[in-house]
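Hi,

Here is the structure I promised to pass on.

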Amino acid sequence: MEIMDREIIVYAILSTIVIISFILIGETRPDVYLSISILIYFIYTSISRNIRLRAKLTILDISLLTVFSIIVIYRILTILEWI
Amino acid sequence: MEYRYLLAGINISLVSIVFIVFGIFSGNSIVLGVSLSTLVLGILLVTIGLTYIPPLRELLKTYSNDLTIFANKLLEDSGLVSSHEIRICYNKDIIQAVFANGAIDCRKVLPGIGVADNVSYISFPIKDLVSVLETEYSIGEGVDLRDYLRDILVNRYIVSRDIIINRENGVFKIKLWSLSRDAIDLLNKPFNPIRIIVPVFVSKFFEKNITVMDEEIVGNNYIIKIKVM
């Protein structure tokens, strides 16, 4: 099996485990699923660098970071009762 | 580009988007959340599919750059950089790209560095590329030069977006229109693959020796004038 195939399968398994865990604990906020998926993406591609070596992920990084920041800001504003 | 990742990514993304829409309209936030997570995986696969670089190809590209530097140094040291003529010497088994500072008889040219009739030359044998041409691009009836070059340079290797060929007084004027970025990068040295492969392909097509009469780069286009001997 190619290295890249293995990396993607491991990432998919990690993502699936986390999603199933959230379903089992009854998490209903969609932004939590999304933000944790984004975190898993960043953490996994930082630890295992094979994906980053073989594909250009700059634009994806910026996009996901932007989405993550928006989610965090939204949550902070919700907690502060500003929205 | 790696099509299987791209295809898998598009499929996963499309299914995710369908479930996102379903989640929004049905008010099921768990389905929405799971679909958003899956969409991240889909987009990652699409990105990998679009930007994947096979590891060996990257190594070969670096090696090829180093070889080009070496070949250009050879040209420089033999005084052929500033004024040289490119001639393609056709032989059934091997085609030679010859850089010489004057007209040269192909029958007296051997691969490597040499002198023939007081004309110094450097001859680069082109063997593997010719084998690829023979096995994958046979020249059948009714195939003209433009179709042949288009098949290889545009459709297969994406050197440029199109090829325009004019013929005047026995000289072929071949224009590689809108070169790709990689091809433009290659053209910045005297000895480079683009200057070699176009006349080599023409030589293979006609199975004759070729002389390069003139070359110019106009914007993103490369124009080469070739005479078939």
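A definition to start with: a salt bridge here is a side-chain nitrogen of Lys or Arg within 4 Å of a carboxyl oxygen of Asp or Glu. With that rule, the side chains of Asp5(A) and Arg4(B) form a salt bridge, 3.3 Å from N to O.

Some housekeeping before the rest. This is a predicted model, where local features need pLDDT of at least 70 and side-chain atom pairs count only at pLDDT 80 or more, while totals for chains, interfaces and linings use all residues. Residues are numbered from 1 along each chain as its sequence is written, chains are lettered from A and ligands numbered from 1 in the order in which they are written, and side-chain values use heavy atoms, with hydrogens and water left out.

**The two chains**

Chain A has four helices and zero strands, where helices (H or I, at least four residues) and strands (E, at least two) are DSSP runs numbered from the N terminus. Read from the N terminus, the elements of chain A go α-α-α-α. Of its 83 residues, 37% are buried; buried means under 20% relative accessible area, exposed means over 50%, and partly exposed is in between (1.4 Å probe, protein chains only). Chain A exposes about 5100 Å², with carbon and sulfur atoms supplying 73% of that. Those areas come from the Shrake-Rupley method with a 1.4 Å probe, and for residues only the protein chains shown count as cover.

Chain B has seven helices and eight strands. It has 229 residues, and 42% of them count as buried. For contacts (heavy atoms within 4.5 Å), take the pairs in chain B at least 6 apart in sequence: 50% of them join residues at least 24 apart. In chain A, residues 24 or more positions apart likewise account for 50% of the contacts with a separation of 6 or more.

**Where they meet**

Chain B brings 21 residues to the contact and chain A brings 24. Together they bury about 2100 Å², and carbon and sulfur atoms give 73% of it. Buried area is the accessible area (1.4 Å probe) that two parts lose on being put together, summed over both. On the chain B side, Ser37(B), Val40(B) and Leu44(B) lose the most area to chain A, together 25% of what that side buries.

Helix 1 (3–26), helix 2 (29–51) and helix 3 (55–77) of chain B each supply at least two residues of the side that touches chain A. Helix 2 of chain B gives the most, with 15 residues. That side of chain B divides into 14 nonpolar, five polar and two charged residues. Here Ala, Val, Leu, Ile, Met, Phe, Trp, Tyr, Cys and Pro count as nonpolar, Asp, Glu, Lys and Arg as charged, and the others, Gly among them, as polar.

**Other salt bridges**

Over all chains the count comes to 11. In chain A, Arg75(A) and Asp31(A) pair up at 2.6 Å, N to O. This one links distant parts of the chain, with Arg75(A) in helix 4 and Asp31(A) in helix 2 (residues 30–47), 44 residues apart. Asp31(A) is buried at 15% relative accessible area, and Arg75(A) is partly exposed at 26%. Glu27(A) and Arg29(A) form another, with their closest N and O atoms 2.9 Å apart. Glu27(A) is buried at 12%, and Arg29(A) is partly exposed at 38%.

In chain B, Asp105(B) meets Arg107(B) at 3.1 Å, N to O. Salt bridges that share partners also join Asp5(A), Glu2(B) and Arg4(B) into one network.

Most residues other than glycine have a negative phi. Glu81(A), not a glycine, has a positive phi of about 60°; it sits in the segment after helix 4 (58–79) of chain A and is exposed at 67%. Asn118(B) also has a positive phi, near 60°. It lies in the loop between strand 3 (112–116) and strand 4 (119–126) of chain B, and is exposed at 78%.

Cheers
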